Structures are given as structure tokens and as C-alpha cells.
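Hi,

Here is the structure I promised to pass on. Have a look at it first, and my notes follow below.

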Amino acid sequence: MNIKQKSIPEHLEESLAEVRQIAENSSDILINRLVIGNISCAVIACEGMLSTAIMTDLIIKPLTEISIQLDSENLFQHIQENLLLSLDRPVVRNYSDFFKLLYSGFVILLAEGQNKALAFGVQGYDKRSIGEPSGEKNILGAQDGFIEAIRTNMSLIRRRMKTPLLKFELSQIGNLSQTDICLCYMTDRVPPQLLRQIKKKLATVELDTVLSTGYLQSFLEKCRGSLFDSVSLTQRPDVLCSKLLEGRIALLIDGTPFVIVIPKLFVENFQTLDDYNNKPYYAGFSRWIKYLAFFLAVLLPALYIAVCMHHPELLNSTLVLILTEAEQEAPLSLPTETIFVLLMYEVIREAGLRLPKSVGGAVSIVSGLIIGDSAVASGLISTPMLTMVAISVIAAFVTPDLNAPITVLRLLFIIVGGLWGLFGIGLLGMLALYNLCATENFGFPVTAPLAPFISKSMRDVATRVNFQRMQSGNFTVEEYHEQNS
Amino acid sequence: MSKIRSSQLFCILVLCGAWSVICIPSMNESGQILGTIAGCLLQILFCLPMLALAKRQGSFEKLIQSQKWLGMLYIIFFLLWGAQSFIQLWEVSPPQLLPYSSKIAGGILIILTCLYTSSVGLKATARCAPFMIALFIISVIILILGAWKRIDISRIAFTRTGFWDSITIYNNLSCELMIAWVLLDRVKGRRNLAINSYLLTKAGFCILILFLSITVGGRLTELTGYPFFMLTTLSQPLQGQRADALYILVFVMLYIMHITIQTGIIGHLSEFLFPAFSKYTAPVSLLFMLLLAWLADSNIMQSITTISLPVLAFLVPLLLRMKQFSKSIHKEQSQHEAF
Amino acid sequence: MKHFKLLIFLLLSLLLTGCSSESIADRVYTQAIGLTCDKQLSFYTQGFEQDSDTEAVTGTSIAEVLRCEESVNGGKVFIGHTELLCLDGTCTLEPAEELLFQQGLSPACKILYTNPKKYFQDADSTATVHMIRMSEQNGLLSSTELSTALNEWHGIWETALIPAESKSQDYPELVLLHKNGTCTKLSDTASKGMYWLRRNSGSFTMTLETPDGEQDIFIEKTKLQKSSQQDKLYYHVIVNTKDSNEELRDMLQKLITKQCKFAVLEMLRANADVIGMQDLLENANIEINKNLKPEVEISVSIE
């Protein structure tokens with residue numbers, strides 16, 4: 001028998017010895033012995049997982065003030081029914097639950113003569129304060145974002161959706177980590193089949209530990225070879241609530257501030273919260289800027305290379321002469337120059353992410369000087385090409401969620417554009433389009449509502465109509481579901 | 001394979017039809033405009049049996065499952081059509097289009113692309129079709145904008161020359177009806193509307209190309225042999241530069257879609273006939289098409305597809321419908337007698 | 001194994017990008033080209049730089065002369081941006097067709113009737129192209145492009161209307177260039193008449209000689225209506241102007257009618273058709289031959 005499945009013995013000393021053995025005398029286990037009404041008891045806690053002040057006030061003090069003489073069974077009954085020591089008071093019958101609760105910040109009470117223990121939820125571990133999410137910034141929306149503590153995140157959602165239709169289902173995942181996860185959905189809108197399929201998928205996870213969303217994402221995404229995500233991540237409670245209202249399912253994971261939302265649509269990469277705070281005409285305009293930015297990010301360097309190398313007749317004569325003069329001095333071929341600059345940009349971006357904030361500024365100065373100034377002045381790279389790459393890179397920042405596919409596709413397009421011109425770009429364009437169209441998850445195609453085309457949804461894709469028109473939609477994501485997937 | 005929407009079927013048929021129109025040769029007589037309209041009406045008539053059958057779900061699939069030899073005939077038709085498409089690509093594409101002078105090299109690049117596009121299934125193709133339609137519409141608008149200033153209506157001489165030829169040419173290049181017939185069981189929504197809309201759209205596009213080639217190209221149309229490519233050369237929206245290289249994008253993407261649909265349908269039919277080998281059909285059929293195109297005689301293949309198109313797309317559904325109709329009458333009569 | 005193969009493929013692709021054949025700077029961009037076919041095909045080019053040298057190469061075909069030009073110039077000749085094609089009449093149709101459909105010459109390229117050898121020695125093609133364009137905009141010259149000329153050369157009369165260098169005036173004069181090389185110069189009046197009889201529409205100011213001196217009249221728009229009835233062809237020119245001076249309008253009408261009649265007369269005398277007569281005759285189902293001289297009636301209205 002697995003030692004953790006073993007039930008708690010009645011003898012206190014045996015029980016404590018078992019605890020020390022299972023925990024391998026770990027230094028963060030605190031065992032305090034006390035006598036409550038002539039019965040030897042022990043209070044066990046994990047250091048750092050609870051607030052000692054709260055534990056003393058809410059647990060230790062009331063327990064030590066019990067004066068009536070009871071046997072251990074009646075003692076536990078008295079504590080559970082008459083003393084409200086905490087709101088969360090599960091009964092522990094085996095060591096698996098014992099340690100799960102202990103490491104979750106519960107205080108466990110063992111008593112001589114009892115083959116069970118009482119647990120009291122007085123979690124008080126240090127956690128980050130709620131602040132603006134780092135990735136999803138906006139101007140007019142809320143400035144709070146999810147943090148690593150799952151229960152805090154649940155409260156952030158609940159504060160915005162004060163309806164009994166919003167349901168949370170807590171469970172644990174990870175054989176060793178026993179990480180808390182929470183499925184969150186609106187019971188009246190969620191497609192039941194989607195919920196069943198997700199639960200079935202999560203039941204198949206056999207990981208030892210789940211430390212971030214990436215661990216579970218691959219289990220929830222069906223299309224392995226797809227460049228584009230079919231599940232989305234968000235750090236914003238307001239964005240999550242809007243998605244829940246559309247019938248989507250959220251998966252919160254303890255220990256990460258990102259929440260997985262299923263299913264995802266490709267057009268969501270171009271929607272931000274500010275679109276719903278600005279006037280419709282400006283929201284529509286900024287939406288189209290984002291679409292344009294995506295195409296610029298992926299295709300601009302490749303089109304520049306293809307046109308310069310294979311189809312210069314597409315440019316007017318003045319432009320051709322300017323580009324010819326610029327490229328004459330460059331020692332490398334156009335695609336090589338472009339790939340070199342893009343790779344340097346990726347290196348600088350990675351460096352900027354990993355460096356401490358205090359030296360982050362130096363990275364931008366050095367990269368600007370080295371690449372922007374010295375390389376051009378020395379003739380290593382040409383100015384028009386650098387301009388194209390810079391526009392492409394800046395355009396990619398407009399849709400940060402698509403950073404990975406944009407980076408890969410941009411490089412691939414540069415290669416095929418350099419080799420085969422617009423013919424190659426057409427071939428790779430079809431491959432990318434097919435890859436996007438083939439991506440679906442749990443029967444929801446990522447390309448909806450563009451393909452299959454749903455005209456009603458264009459009011460929030462091609463433009464953003466005002467809320468008076470949107471409120472009558474009663475839209476749920478189930479409209480996009482393609483059966484028999 | 002799950003269902004596709006009628007709008008997606010429309011997009012697929014129009015894209016295949018657009019490729020056929022791009023490859024139409026020698027259309028420079030105004031009488032051919034009337035011939036095209038007549039050809040379109042003839043095809044609407046051709047489609048009546050299959051549309052009547054489509055009201056009863058599963059007609060085509062039941063037929064293929066019961067008559068496997070017929071399924072093989074359809075597969076052979078699509079293989080021949082695919083091979084012809086490769087030949088059309090080599091004949092039609094101007095020298096600036098393919099990056100290699102060797103035909104095989106260009107064909108191999110296309111096959112490598114189609115290997116992936118046909119492996120993801122017809123559903124992905126159906127989703128891709130609306131995006132391609134949008135790109136196609138943009139390219140047609142650019143073509144019209146470029147041709148606008150050069151249109152000379154006086155070049156149209158209203159004659160009946162070419163009327164009968166154009167009906168034949170138009171019907172020879174209408175193999176999309178086979179796609180419609182094969183996929184009809186898998187379409188949800190208004191199938192009649194999708195097919196009729198496709199026929200009208202294709203006719204409209206053909207008439208547009210014809211009209212522009214006569215009014216813009218005039219006598220130059222006879223030189224190139226393919227009016228669409230002559231138009232892309234002559235219709236330049238801007239004075240300082242040539243924009244015909246942009247059509248390479250549309251041309252290549254249309255062609256990939258065209259071949260992918262054919263390969264996808266062969267795969268779909270193989271699921272009924274050779275379920276154990278269905279995952280190999282895409283690479284095998286693509287290679288077979290390329291080999292056939294390289295080795296076989298294009299005139300023989302053209303003749304076979306021309307003869308088999310009305311048989312497989314019109315006669316077979318007609319006979320099937322007549323059989324169903326006679327069965328239903330017989331059933332009614334026996335019910336009446338029993339009563 | 002699959003990832004390893006993909007990695008190798010990507011690395012090879014990255015290396016291949018350096019081996020690509022042409023860079024934008026490896027090409028030679030020509031602004032003007034010239035062709036003569038005296039026993040052999042001679043090909044002249046002039047680049048966009050004003051001081052660029054002109055080298056003539058000879059060969060038996062367009063493809064061959066382009067290859068020779070490549071070895072002389074040290075880079076592939078690119079004619080996609082060429083704005084001017086100079087012909088002396090010794091070669092017209094086939095080389096021009098090959099340049100348009102096979103070699104990527106722009107259909108909007110202007111043609112100039114001149115001796116390419118002399119022209120490229122001292123002329124500035126930028127100025128020539130600019131002069132042709134301004135003349136077209138100012139109603140002094142009918143629009144002529146390569147595609148239009150090819151269409152006309154393919155007609156029954158095989159003659160195209162081409163601008164030619166002029167020593168006596170600031171703008172080019174027009175010539176009727178036959179496919180076989182014979183050339184007929186049009187008078188100044190006839191050249192201006194051609195503007196109204198071909199598809200031109202633009203706004204410009206015309207100067208009229210009145211008893212009170214020179215007076216300007218602003219032409220907003222011009223339209224041409226063509227029709228045929230039996231064996232007679234009708235050309236109706238409609239000119240829009242806001243000028244309400246009746247005398248001036250009357251003078252304009254008379255002037256345009258005279259110019260058009262001169263144009264038709266000289267064109268028929270030269271056995272040519274550059275005003276679309278063939279299309280009208282085909283529409284009227286009239287049998288056409290090279291010697292046919294149809295009756296053309298001109299009418300002008302000022303609106």
C-alpha cells in the first residue's frame with residue numbers, strides 16, 4: 001500500500017512518527033504539542049504557508065481555552081460544531097489528504113485516540129499584490145490583473161460576475177505537485193459537450209507537476225502541427241469575464257497569473273479591451289490598423305525582397321534607382337541581410353527580456369547604436385532594408401499574442417521570397433492559410449467567424465458596433481461549433 | 001468528412017471555375033459572349049438531375065458504396081483532370097511566372113505544397129475558400145481598374161462568329177460540376193442556390209474577361225492565345241510600373257486550391273473504395289497526375305474528360321433519379337392497391 | 001528524426017538565400033531603347049542617368065541582343081521601366097511584340113520615330129518623354145502607346161500613328177508608320193485633328209487666333225462618338241467648355257472641324273487607318289480591303 005493512502009492511526013505518537021517519516025524530517029514542518037482537556041494533541045503546520053498571528057489567534061488560543069473535559073471523539077465534535085475556528089474545516093482521514101492540506105496552508109489537529117484529523121484553513125502565505133498585467137496593457141480599462149494565487153483570481157472574477165450562473169469547479173492535477181486548478185464557466189451558456197471533452201482531457205493528464213499554463217496547453221490543443229494557438233491566455237479578469245459570457249471555459253492554475261480560455265478564435269488576437277471603451281468609429285479604425293499591422297509584420301520584408309530581386313517592374317523607376325544605389329554598397333545579398341538583421345533583433349529582444357531592469361536601458365542604446373547606426377554607416381546593411389525590417393518588427397508589437405507565428409512565418413517568407421519571388425510567397429501563403437484553416441479545437445474552428453462566414457459576427461470583427469446593437473445578440477460561441485469534428 | 005456549408009461549396013466551385021476561365025484560349029469574337037451565356041444555361045440544365053437527387057440525402061455516397069466500379073471511374077476522371085491541369089499550367093503560364101525554366105521543377109514545388117494542403121482535409125479547403133474568394137475579387141477589381149481607361153467599345157463587332165465554338169469550349173472547361181456532384185451529400189444549406197450562383201458567377205467572370213479582352217486587347221488577343229494573360233499585360237493601373245506580377249500570387253494560389261480540391265475529392269472517394277489505403281491517396285494521386293501530365297498525350301486526356309463529363313455528371317444522376325422516381329411510383333401504387 | 005530533418009532543411013534554405021541569382025543592383029535599368037533592323041537587329045539602350053553611355057549591340061533576335069547587352073553592360077538589362085522605344089521603321093511589329101509579351105516592356109511605353117543611332121548620341125530621353133507627355137496633356141499630340149501601335153499594325157491597313165522628332169516646333173510631330181517601314185508625315189493641322197479623332201480626353205487651354213488677337217479657351221472634356229451606316233462612317237466630336245463667348249465657340253468648332261477633315265484626308269491618302277475605321281466597318285458588316293477608302297463624315301459640337 002502506498003504510505004500516503006494509509007489511514008491515520010489512533011495513537012498520537014505513532015501518527016507523529018508517520019508524519020515525520022513521510023515528510024522525511026523536512027525542516028518546514030512545525031509540530032506543536034498541546035493538551036486540550038486532558039487529551040494529548042498536536043498542531044501541525046507548514047512554515048511560511050500560514051500566518052502565525054492568525055494561527056495563534058484563531059486556532060491555538062481557542063483550543064487552549066477549552067476547559068471542559070471530553071474524550072477525543074467528543075472533543076473533535078465540540079471543536080467542529082461549537083467552535084467556528086475557520087470557514088474551511090475538512091476532516092482528514094489519510095495521509096494523502098493530510099499532506100495536501102498541510103502544504104496548502106492548513107493547520108492540522110491530531111488527537112490521541114482519534115484515527116482522523118481536523119484541518120483548519122488559515123492560509124497566509126505571501127503572495128504578490130494585484131497590479132496591472134504586464135502583457136495586456138490598455139488605456140481605459142481596469143488596471144488589475146490575475147496573480148499566482150488561484151483563490152484570489154477566483155475572487156477577481158466573482159467580483160465582476162455576481163451571478164449564481166457562474167460556476168467554479170476546483171480540482172487538483174499533478175502527481176507530485178497536486179496543483180490546484182479551477183474550471184470556470186457560465187452554466188447557462190457553456191456548450192455541455194465542450195465541458196465534457198475538456199474534463200475528459202484533463203483526466204488524462206499524468207504529469208508530475210504543473211508549473212505553468214504551457215504544461216496543460218498541449219493537452220488541450222488538438223492540432224499539434226499548427227502554428228496558431230487554439231487556446232488563449234489572458235491575465236485580465238475583465239477580458240476573461242467577457243469571454244465567459246460568450247460560453248467559453250476558463251482554466252485557472254494555481255501558481256500562474258495566466259488563465260487558459262477555450263476555445264480561441266484567430267480574430268481575438270486583434271481585439272483589445274480598449275476597442276470596447278472607445279467610440280465605434282475609432283474602434284473600427286484601430287481594428288483595421290491591427291489587421292494591416294499583422295500583414296506588414298509577416299509579409300513586408302518578404303515582399304520587399306521578392307519585388308527587388310525578382311519583380312522590380314512593380315516599383316516605379318525613381319524608387320528602383322534609390323534602392324539600387326542603396327543596395328550597391330551592401331556586401332551581402334538582400335535575403336541574407338534581412339535574416340541577419342532579424343536574427344540580431346531576436347537576440348536583442350531575448351537579452352532585453354532576461355536582463356535586469358537596471359541595465360535594460362543599456363541594451364536599447366547599444367542595439368540602436370550597433371545595428372541602427374554603425375552597421376548602416378559601415379555599409380554592412382542597407383538603409384531601405386533596415387527600414388522595412390523596422391516597420392515589420394514594430395508592426396508585430398501590435399499583436400503580441402501572435403509573436404511566435406509572426407516570427408517564424410516572417411523568416412520563412414523571406415527565404416521563399418528570396419528564392420522564388422512572388423511565386424514562392426504564393427506557395428507559402430497557401431501553406432500558412434491552410435495551416436490556419438485546419439486549426440480547430442473541440443470542433444471550434446479558429447478561423448470562425450470568417451470561415452465559416454457568419455455575417456452577424458462581422459459587427460465585432462470588421463467593425464465594432466455600439467453596445468445598443470450588440471446587447472441584443474445573445475451570442476454564444478456554440479454558434480461556431482462544427483459538428484462531427 | 002463532416003458537412004460543409006453551401007456558401008463554402010459556392011466558393012470552392014467559383015475558384016475552380018475561375019481557374020478554368022483563366023485557361024480559356026482564343027476568345028476574341030463577340031459572338032462568343034452569347035455562346036458563353038448559352039453554355040451557362042446548358043449547364044444549369046445539366047445540373048437539374050443532381051439537384052433533384054440532392055434533396056434525398058446520401059444519394060451519391062450510397063451509389064458509390066453499392067457500385068464501386070463507378071467510384072473508380074470518378075477517381076480516374078479526377079486524376080485525368082488533375083493531369084490536364086498541370087499541362088494547362090505549363091502551357092498557360094507566361095515565362096515570367098514560374099521561377100524555373102524546367103517545368104518539372106515548378107511542378108515539384110507545387111506538388112510539395114499540395115502534399116500538405118491535401119493532407120489537412122476538405123474541411124480546411126472549404127474554410128480556405130472564402131479567403132481565396134476575397135483575394136480573387138480584389139485581383140479582378142485591380143484588373144478592371146487597369147483596363148478601364150483602355151476600353152474601346154467600338155472594337156466589339158456584334159457577330160455570331162464563334163457562338164457554337166464557345167459553347168463547346170465553355171462546357172469542356174466545366175469539370176467543376178463533378179465536384180458539385182461528389183460533394184453535394186456533404187453540403188448543408190441551400191445547395192440549389194450555391195450551384196446556380198456558381199454557374200452564374202462563372203459565366204459572369206467569363207463574359208467579363210471576354211468583354212475586356214475584345215475592348216482592351218483588340219487584335220492583340222490573337223497573339224497571346226490566352227485572353228486573361230494578355231489582359232494582365234495590357235491592363236496596368238499605374239503608368240510608371242507594371243502590375244502584372246501581382247497576378248502571380250492569385251494565379252499560384254488558385255492553382256494550388258484547384259489541385260488540392262481534386263486530390264481531396266480523390267481522397268474522399270478512396271475512403272469508400274480503399275479505406276485501408278486512404279491516407280496514401282494524396283501523395284500517390286499527386287505523383288500520378290504529374291507523371292500523366294509529363295508522359296501522356298493531352299489531347300487524348302482532353303477527349304476522355306470531355307466525353308466522361310456529361311456521362312458522369314449528368315447521365316448517372318439522371319438515371320439514378322429516374323430509378324428513384326420509378327421506385328416511388330411503384331411503392332405508391334402498391335400502397336394504393338393494399339389500401 | 002523528423003525535427004533533425006527539418007533543421008537541416010532550414011539551414012540549407014538559409015544558405016541558399018545567399019546564392020540567389022540576381023540582386024536589384026545587378027541589373028541595368030534602361031529608360032530608353034532603340035531598334036533598327038538593317039540586315040541585323042541593332043539594339044540601343046540609355047539608362048536613367050543623364051550621362052549614361054549608349055552602347056549598341058547587334059544580333060539576330062531580341063533575346064540574342066539582350067544577352068549581348070548583358071555582357072557589354074555587366075548586368076542583365078531590365079526593360080520593365082523603359083519609357084521610350086525609338087524606331088526608325090526598319091523593324092516594327094515582331095520585335096515590338098516580343099519586347100511587350102516576352103521581355104516585359106511596359107504597354108504604356110511611348111514610341112518615337114527617329115534614327116536611334118543619332119538620337120542616342122546627344123538626346124536626353126527624359127526630356128523627350130516629358131515633352132511627349134506634356135504635349136498629350138495639352139492637346140497638341142494624340143496619345144500613342146506601344147499597345148495602341150501594335151493594335152494598329154495588326155489591322156488591315158497595318159499602319160500606326162507615331163510621334164516623331166521635330167526640328168521646327170517644341171512638340172513632336174506625328175507620322176503614319178507602316179509595318180513595312182514606309183512613313184508619311186502628317187501636317188500640323190492634321191496632327192492636331194488626330195487628337196480629336198482618337199480616344200483622348202483631358203482638359204487644357206487652347207489658343208485661338210481671333211481678329212482681336214490671340215484668345216484662350218479652356219477645354220474641359222472631349223468625347224468622340226463613332227458610328228457607321230451602310231458604307232459611310234460618322235465621327236462626332238463633342239467638346240465641353242464653360243466659355244460662353246459665342247464667337248470663340250464658333251471659331252473653335254470651325255477649327256476642330258478643319259483639323260479633323262485634314263487628318264482624315266491625309267490619313268486616307270496615306271492608305272492608313274488610325275482612327276478605328278476597321279472596327280466600324282466590321283460592325284457594319286462591310287468587306288474590308290487595303291484599298292478601301294470609306295466616306296468619313298465629321299461633325300463637331302461645342303457644349
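**What I found**

A compact globule of 485 residues would come out near 23 Å in radius of gyration, whereas chain A has 29 Å (taken over C-alpha atoms, with the globule rule being 2.2 Å times the number of residues to the power 0.38). The C-alpha trace of chain A spans about 100 × 55 × 45 Å along its principal axes.

Before going on: this is a predicted model, where local features need pLDDT of at least 70, side-chain atom pairs count only at pLDDT 80 or more, and totals for chains, interfaces and linings use all residues. Residues are numbered from 1 along each chain as its sequence is written, and chains are lettered from A and ligands numbered from 1 in the order in which they are written.

Chain A splits into domain 1 (3-121), domain 2 (150-275) and domain 3 (278-438), with bounds from an automatic or database domain assignment. Between the C-alpha centres of domain 1 and domain 2 of chain A there are 34 Å.

As for burial, 39% of the 485 residues of chain A count as buried (20 or more other C-beta atoms within 10 Å of the residue's own, with C-beta atoms placed from the backbone).

Now the partner: 30 residues of chain A are in contact with 29 residues of chain B (C-beta atoms, placed from the backbone, within 7 Å). Helix α14 (residues 403-438) of chain A gives the largest share of chain A's side, 14 residues; helices here are DSSP runs (H or I, at least four residues), numbered from the N terminus.

Cheers

Technical notes
Buried ≥ 20, exposed ≤ 12 C-beta atoms within 10 Å, placed from the backbone. Contact = placed C-beta atoms within 7 Å. Helix = DSSP H or I, 4+ residues; strand = E, 2+ residues; numbered from the N terminus.
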